[in-house]
Structure formats: C-alpha cells, structure tokens
Amino acid sequence: MSLAAEQVESTAGTLKGKVTSHDIITLTVSGTIDASDIDFINNSLTSLKHLDLSYATITAYQGEVLTNGRNYSADNTLPEFGLIGSRIETILLPKKLKCLSDGCLAASSITSITLPESVDSIGTGAFNGCSRLAEADLRLTQTTSLPTQVFKGCISLTDIELPPDTKQIADEAFMGCNSLAQIQIPASLQIIGNKAFNGCNTLNDINFTVNLHTIGDNVFTGTALETADMTACKSLNHIGNRAFSHCSRLETVMMPENLTSLGDGVFFNCNSLTNILMPATLTRLTPYMFKGTGISDAGHIIVEGIREIDDYALYGNTNITEAKLPGSINRLGDKALSGMVALTVLDVTGIQELPELGDDVFEGTAGEDVRLVTTVDMAPIFKTTPQWQDFDITIDENADAPAPGTDNIGSLKLRREGNTLWINAPRAIYSITVSDLNGRTTAHAAGHGDTTAAISTATVPGGIAIVTVRFDNATCANIKIIL
C-alpha cells in the first residue's frame with residue numbers, strides 16, 4: 001500500500017533508496033541531496049504534488065550524466081533543468097539555496113514560489129513556461145538582475161514582487177505573461193531589456209523610476225498601458241525600436257526632458273494615443289514613430305528643434321487637421337507626412353531654406369484643398385519646387401519678412417532708374433528674379449558674376465513685388481518692394 005506522504009532524512013545520492021513509494025503526493029526531505037536526487041524526484045515520483053526541501057541542503061554533484069544532460073552541479077544550487085516539466089504544484093526551497101540554474105523549474109506545474117533570502121543568482125528561463133504559476137515573491141533575494149526569459153510564458157502570473165535592488169530586467173523576462181495587470185518597479189532599476197513585457201496584454205500599470213536609463217526594443221508591445229509617465233526618469237536617454245508599438249489603449253505619454261534617442265516605430269499603431277509630451281532635446285522623429293496614432297494636435301510632436309522627420313514618421317495620421325513645420329527642419333523622409341487625409345493647413349512660415357525631401361513625402365496629403373502657408377519671400381520657391389507645389393500655396397502677410405527696400409544680408413542696396421532696378425551686393429550676383437505675391441515670376445535677369453546687376457521692370461505690374469537675388473555661392477536674399 002502506497003503512502004500519501006513521506007518524510008525522509010537523506011544523504012546526498014541516496015534519496016532513491018529512502019523513498020518507499022513512487023506514488024506519493026507529498027515529500028518532505030531533510031539532510032543532504034544532490035543533482036542525482038533531484039533527477040530521481042523529477043523522473044520517478046510522477047504523482048508528487050508537494051515538495052518540501054526547506055530543511056535540506058543541496059551539495060555539489062559530479063558523476064554520470066543525468067537526464068538533464070549534465071554530470072556536474074555546484075552546491076546550494078538547484079540544477080539546470082532539474083525539475084523541468086515537473087508536475088509538482090508547490091515547492092519549498094532549501095533555506096541555504098544560493099542559485100536557481102537555467103530552466104530549473106521551467107514548464108513545471110508550480111502555482112506559487114517564494115525564494116529564500118540566501119538566493120543571489122537566478123538562471124535564464126528558470127520559470128519559463130510555468131503556465132500555472134500565479135504568484136512569485138522574490139523580495140528577500142540578493143539578486144540584482146532578472147535574467148532572460150525568467151518568467152516568459154507564465155500565462156497565469158498575476159502577482160510578482162521583485163528584489164528591492166533589481167538593476168536590470170533582461171530580454172523577454174515577462175514576455176507573454178498575459179494575466180499580469182500591474183508590476184511595481186523598484187527605484188534601483190536601470191535597464192529594461194528587449195521584449196521584457198512584450199505581449200502582456202493585460203498590463204495596464206507600471207511605474208517608471210528615477211534611475212531607469214534604457215528601455216529596449218519592443219518592451220511594452222501589445223500591452224494594455226493607458227499612460228506612460230516617464231518624467232521621473234531623469235537618466236533615461238534611450239527608448240528602443242517599437243518599444244510601445246501596438247499599445248491600443250495608450251492615450252498619454254510623457255517623456256523626460258533629457259531624452260535624446262528614440263528608436264524606430266516607438267509608438268507605431270498606438271491608435272488611442274492623443275496626448276504626448278516631447279522633450280526639447282529630441283531633434284528627430286524616427287521612421288514609423290507616430291504611424292497610425294490618434295494624435296490630433298501636431299504641435300505636441302513637431303516641436304521647435306526637430307531637424308528631421310524620417311521615413312513614414314507621421315504616415316496615416318488621420319486626425320491631424322493643422323500642422324506647422326519649424327524652421328529647424330532640414331529633412332523630410334520618404335512618405336514622412338503621407339496619408340494625412342484630414343490635413344487642411346500646413347504652416348511653413350518658419351522655413352527659410354527648403355529641407356531635403358524623400359520620395360512621396362506628402363502622398364495622399366497634399367492637394368489643392370490643403371493650404372501651404374508661407375512667407376512672401378519663400379512663396380516663389382515653394383511654387384516652383386516639386387512636391388511642395390502640389391499644395392494651395394498662400395502667403396501669410398503677418399509672417400516675418402524683410403521690410404520694403406531692405407535686404408536680409410545686411411548691405412544689399414537697390415536703386416531704381418525708370419523701369420530699371422539696379423542692385424549692388426557685397427558678392428557676385430548670379431541672377432535676379434521678380435515675383436508677385438502669389439509666387440508667379442514677372443521678370444528675370446542674369447547677374448553675370450558681377451557685384452552690380454540690373455533688371456527691367458517694364459513688364460512687372462505695379463504694387464508689392466518680391467525681388468530674389470541669388471549669389472554665386474547658392475545663397476539668396478529676398479526683398480519686398482513696391483513698384
């Protein structure tokens with residue numbers, strides 16, 4: 001007749017001979033055990049549900065190759081893959097245990113785990129695939145890093161207490177923990193690795209602490225976060241590729257002032273994202289950064305100091321009706337502002353030099369029903385430049401522009417003699433163009449490389465006109481005059 005429970009005092013390597021039945025449900029072990037005893041428990045005691053090793057000590061093992069493919073294990077260490085796939089539901093670990101090796105409890109049936117304070121190391125994937133694990137308490141441990149895939153695929157995990165001195169949550173640590181609704185991050189945390197919380201589709205609450213300096217790639221992809229307030233992260237300097245992508249419930253993002261680097265597609269397909277605080281230190285909207293978001297106020301994202309809006313950065317933002325490009329812009333990438341079907345006004349009054357354009361920058365956005373608002377002196381350039389000229393180009397009379405009869409290089413001088421306009425410049429003149437306020441050219445003359453040049457205004461209608469003087473070094477001056 002088999003016993004439901006047994007209490008055994010063991011000497012390392014002898015447990016097999018001490019257990020009287022292989023059908024026991026509960027086993028309590030004292031004394032010493034080693035990797036061979038763990039191997040016996042996992043492979044022979046297939047009915048075991050409850051294992052108490054709290055009064056046992058695990059000693060080093062060196063001998064024949066065990067089921068886990070190893071012939072060595074250190075003392076005070078739960079061996080690599082030692083209890084992988086075990087049907088054990090509860091386990092009390094040795095009080096002197098120092099290390100949980102790689103995959104030691106992976107895919108087991110444990111429902112809860114509390115690590116003793118002696119533990120200072122946890123191996124890769126230690127609890128990977130423990131689909132019934134609901135609670136894990138690591139508060140007493142001395143470890144400072146949660147390793148790669150440590151709780152990956154723990155689909156029942158709802159409660160996790162992290163070590164108080166945790167500095168790193170490694171790649172895929174909680175990936176696929178789709179019952180984990182919240183987690184309290186200790187102030188010591190510095191790094192969240194790639195895909196650490198990827199696919200945690202009920203995770204809606206996480207605190208971002210002061211020492212955090214790196215958020216890796218795809219960290220929060222597919223989570224249920226509604227707010228990401230990172231303003232306390234004074235050391236945060238990098239957020240990785242697609243870090244918050246496909247967060248369909250994310251509405252508000254606040255980034256710290258010192259942030260300088262954002263990866264591609266950081267907020268890709270966050271269709272509820274409407275509120276965002278951008279730091280002044282950012283100079284680039286990265287590829288796919290805001291593709292498919294719900295942002296309606298472009299002023300929140302295209303802030304002064306942005307120099308580049310990269311490929312597809314704002315592609316498909318269907319809620320933005322008005323946008324302004326700052327004077328700092330020097331490049332717009334492929335389809336950077338494409339598919340913005342609600343756009344009615346694009347303000348470029350701050351632009352004095354045309355930025356570099358990629359392919360199809362405004363595809364599905366530009367058109368005769370979208371006003372491109374510019375200054376008097378830049379209107380002729382926009383009207384004659386591919387892609388820009390597809391807009392309805394209009395002039396803001398109140399925008400900053402040179403006053404009549406003055407110039408924007410300091411010492412340009414104009415003199416009229418009848419229908420001839422003479423221009424004297426501090427450097428060689430390449431050409432002179434006269435345009436009306438709608439950007440239409442009404443007169444043009446070559447400068448022949450001299451510092452003095454003339455142009456006939458006989459065919460120019462009276463009223464306000466723009467004189468554009470181009471120099472041999474490819475710069476230009478724009479002057480508003482009355483003819």
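The model is a predicted one, in which local features need pLDDT of at least 70 and side-chain atom pairs count only at pLDDT 80 or more, while totals for chains, interfaces and linings use all residues. Residues are numbered from 1 along each chain as its sequence is written, and side-chain values use heavy atoms, with hydrogens and water left out.

Begin by selecting strand 1 (residues 5–10) and strand 2 (residues 26–33), which run parallel and are joined by 6 bridges; helices (H or I, at least four residues) and strands (E, at least two) are DSSP runs numbered from the N terminus, and two strands pair if DSSP finds at least two bridges between them. Here Glu 6 has Leu 27 in strand 2 as its bridge partner.

Now select helix 2 (residues 35–44), which is largely enclosed by the rest of the structure because 7 of its 10 residues are buried (under 20% relative accessible area, with a 1.4 Å probe and protein chains only). Among the buried residues are Ile 38, Phe 40 and Ile 41, and what covers the buried residues of helix 2 includes helix 1 (15–18), strand 2 and strand 3.

Finally, move to strand 34 (residues 429–435), where 6 of the 7 residues are buried, so this strand too is largely enclosed. Strand 34 is joined by 6 bridges to the antiparallel strand 37 (residues 464–471), and Ser 435 has Ile 466 as its partner there.

Definitions and conventions: Buried < 20%, exposed > 50% of the residue type's maximum accessible area, 1.4 Å probe, protein only. Contact = heavy atoms within 4.5 Å.
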